[in-house]
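Dear colleague,

I am handing over the structure below, and my notes on it follow directly after.

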Amino acid sequence: MFLSPASGASPRGRVFYMVDKVPARVLGIIWGVALVVMLAVFIFGLAGPDAHVRETTYTISNCSNSGVCPCTNVADCPGETPMSAPGYEQQINIPASTRGSGLAPINYQFALTVFPYNKYYGTEEEHTIRSDILVAVRLEGRAGGKNEVVADKEVKQQLVCGRRTAECRGFVVLLERRIDYTHYEVYVSFDGTDAVDNARWVTSYESTAFNVTRITVRTLFLLMAILLTVFWVVVLAHRRVHEWTIHQRGVLVLLVGLIFLNNPLFGFEFLSETWVLPVLDSFFTASFVCLLLLFWFYVLDHFRLHDLGVERGPAMVVKYIIVIAFGATAILTFVWSDMRFTLQPVVGSDNVGGLIAVYYVTSVLFGVLVIWLLVVGLLVLPDIYAKSHLEYRFLFLYLPAGVIAIELFIAIFAGAFGPFSRSLLAFLNFFFLFNGYVYLLVWGFYPTERWFEGSGVSLDIDEDEFIAFAQPRDGDGALTSENAARMLASSASDEQGR
């Protein structure tokens, strides 16, 4: 049913977007600019400030074994006390020099990782070691010239040493989410093994430059998200709510999600002692990924149901159940890890098993969803190409969605995406990807009313008119406005004549 030029908006009609109108070369330029920006982000992420300041100390560092240091066997280090000695307790200062400038809240999150050395390495007694040991950890923070006990706990860890390597597998013994003192002292002792005389201790904490960069970038993205949200609401206000298309509704939801992803409260995490703020940040991040998945699948289903005539089946419902399950486990993983290390900084293999299990379930669910998204998209691709008026819209949505989904899949399994910062590159990559993708959606799904000013033709049209509109393109693949307006006006006149 065609609409006359004077008729109002039709809820079942179509709205032309910017992505329907632009020439192929313009879309190519846009993708090219996006690639250049991401390349610049990649370079800055590699060349920018390190995310963590790392300091290494050894239990035994005064060696005499042919200049090889650190030694693995106390017999090569005369005058040194081995860790296997009864009652031995290792003290580590953070920062390493107690005369240093100290830590500040902006540093955030420090960790202590230990890499034991197998004292049997290179001897006739050398053998593979895999056993449970008890690790006693006492954390003290210095305040007003005296130390205050922050945590005191004994946990179980697994000692794993190979036959042909001196250094055993390392494990984290302490992860303090928030820094409340300028200096810390950590006291660690092992019980249940005589195979370790020496160990390498690595302390790390987030650098000031890294966190200043994070706060600055997120603040700028937050302001941009707020401005774009206001702009989009103003654009949509010209139509009644029930006349908004699914693309426009989806972009609005993603813009609101972007505000929470960039998190107006992020900077306050460094000023407040509450555990609520980092937990909220984790919740916002996991929720935004879930929103992206829902948007991608919903729009893809819209293509299949309304444009390709695919019948609705049980599989369409199942994937939304999986998305909800993924969202629940992702939020649980992020929030659990934040609360776990905020409330109890001493880490043991016996108190993170449940968290690790939920993490792997989350990763598997996301992997299933990524494969589902890619397979369904590839299956409908031939039908999309058969209807050239859908080609630009589909590729505009599907190509970047596939890139983001695959990157997230790799990052989640590699541990590069989560509540704890791994590197400046990982942070910049995903925040530019998420924000830049939504910016592109705002541009691509902006309704092109002004392009038709003076034509007297309504933008709300039916399927046949949409196809007719999309067919007349010039040599660059651009829509010719004169032909499109003429065809639409002709269709409307025919309808009035009937």
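Arg164 counts as exposed because its relative accessibility is 71%, where exposed means over 50%, buried under 20% and partly exposed in between, with a 1.4 Å probe and protein chains only. Please bear in mind that this is a predicted model, in which local features need pLDDT of at least 70 and side-chain atom pairs count only at pLDDT 80 or more, while totals for chains, interfaces and linings use all residues. Residues are numbered from 1 along each chain as its sequence is written, and side-chain values use heavy atoms, with hydrogens and water left out.

Arg164 lies in the loop between strand S5 (146–161) and S6, strands being DSSP runs of E with at least two residues and helices runs of H or I with at least four, numbered from the N terminus. Leaving aside residues up to four places away in sequence, Arg164 touches Tyr121 and Glu126, contact meaning heavy atoms within 4.5 Å. Although Arg164 and Glu126 are 38 residues apart along the chain, their C-alpha atoms are separated by 8.3 Å.

Strand S6 belongs to an open sheet of four strands, ordered S1-S8-S3-S6 with antiparallel pairing, where two strands pair if DSSP finds at least two bridges between them. The edge strands, each pairing on one side only, are S1 (52–58) and S6 (171–176). Strand S3 (residues 110–118) pairs with S6 in the antiparallel sense over five bridges, and Val114 has Phe171 in S6 as its bridge partner.

Best regards
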